[in-house]
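Work through the exercises below with the sequence and the coordinates at hand. Each task is followed by a stepwise solution.

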Amino acid sequence: MSNKKIEQWEVERYWEIFASLANGSSHLDGAQAASVLKNSQLRDDQLERVWDLADVDSDGKLDFEEFCVAMRIIFDLVNG
């Protein structure tokens, strides 16, 4: 996985995605995030692990920062 920080352009792109899915909420649940996460073509068990890693407060939802972490992990997994 990359040791680089999440760049500003990535944060802006992730915000566009998050905002479009959240419908004004501050968190995404699994159903809201599923379509974007599954676009990665990762296996369900891999996506579950990504979710577990990103959901740092273990509330079953992703806030924006957690969503950024999930997206970056997925990006790194897909792109080696």
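The model is predicted, so local features need pLDDT of at least 70 and side-chain atom pairs count only at pLDDT 80 or more, while totals for chains, interfaces and linings use all residues. Residues are numbered from 1 along each chain as its sequence is written, and side-chain values use heavy atoms, with hydrogens and water left out.

**Exercise 1. Aromatic pairs**

Classify the pair formed by the rings of Trp15 and Phe64, then state which aromatic cluster includes Trp15.

Step 1. Rings of Phe, Tyr and Trp (its six-membered ring) pair if their centres lie within 6.5 Å; planes under 30 degrees apart are stacked, over 60 edge-to-face, and the rest tilted. The structure contains 4 aromatic pairs.

Step 2. The ring centres of Trp15 and Phe64 are 5.0 Å apart and the planes stand at 85°, so this pair is edge-to-face. Trp15 belongs to helix H1 and Phe64 to helix H4, so the pair ties together parts that are 49 residues apart in sequence. Helices here are DSSP runs (H or I, at least four residues), numbered from the N terminus.

Step 3. Phe18 and Phe64 also pair edge-to-face, at 5.5 Å centre to centre and 70° between the planes.

Step 4. Compare accessibility: buried means under 20% relative accessible area, exposed over 50%, and partly exposed in between (1.4 Å probe, protein chains only). Phe18 and Phe64 are both buried, whereas Trp15, at 46%, is partly exposed.

Step 5. The cluster consists of Trp15, Phe18, Phe64 and Phe67.

**Exercise 2. Salt bridges**

Find the salt-bridge partners of Arg13, Lys38 and Asp76, and say whether the residues are buried or partly exposed.

Step 1. Side chains of opposite charge can pair when their charged atoms come close. The criterion is a side-chain nitrogen of Lys or Arg within 4 Å of a carboxyl oxygen of Asp or Glu, and the count comes to 5 salt bridges.

Step 2. Arg13 pairs with Glu16, with closest N and O atoms 3.1 Å apart. Both lie in helix H1, 3 residues apart, about one turn of the helix. Arg13 is partly exposed at 44%, and Glu16 is partly exposed at 48%.

Step 3. Lys38 meets Asp44 at 3.0 Å, N to O. Lys38 has 43% relative accessibility and counts as partly exposed; Asp44, at 47%, is partly exposed.

Step 4. Asp76 pairs with Arg72 at 3.3 Å between the closest N and O atoms. These two residues are 4 apart in helix H4, about one turn, and both are buried. Glu10, Arg72 and Asp76 are linked in a network of salt bridges.

**Exercise 3. Ile6**

Place Ile6 in the chain and list its contacts beyond four places in sequence.

Step 1. Ile6 lies in the segment before H1 and is partly exposed at 27%.

Step 2. With contact taken as heavy atoms within 4.5 Å, Ile6 touches Val11, Tyr14, Cys68, Val69 and Arg72, its neighbours within four places being left aside.

Step 3. Ile6 and Arg72 are 66 residues apart along the chain, with C-alpha atoms separated by 7.3 Å.

**Exercise 4. Lining of the largest pocket**

Sort the residues that line the largest pocket by class.

Step 1. Count Ala, Val, Leu, Ile, Met, Phe, Trp, Tyr, Cys and Pro as nonpolar, Asp, Glu, Lys and Arg as charged, and the others, Gly among them, as polar.

Step 2. The lining divides into 9 nonpolar, 2 polar and 2 charged residues.
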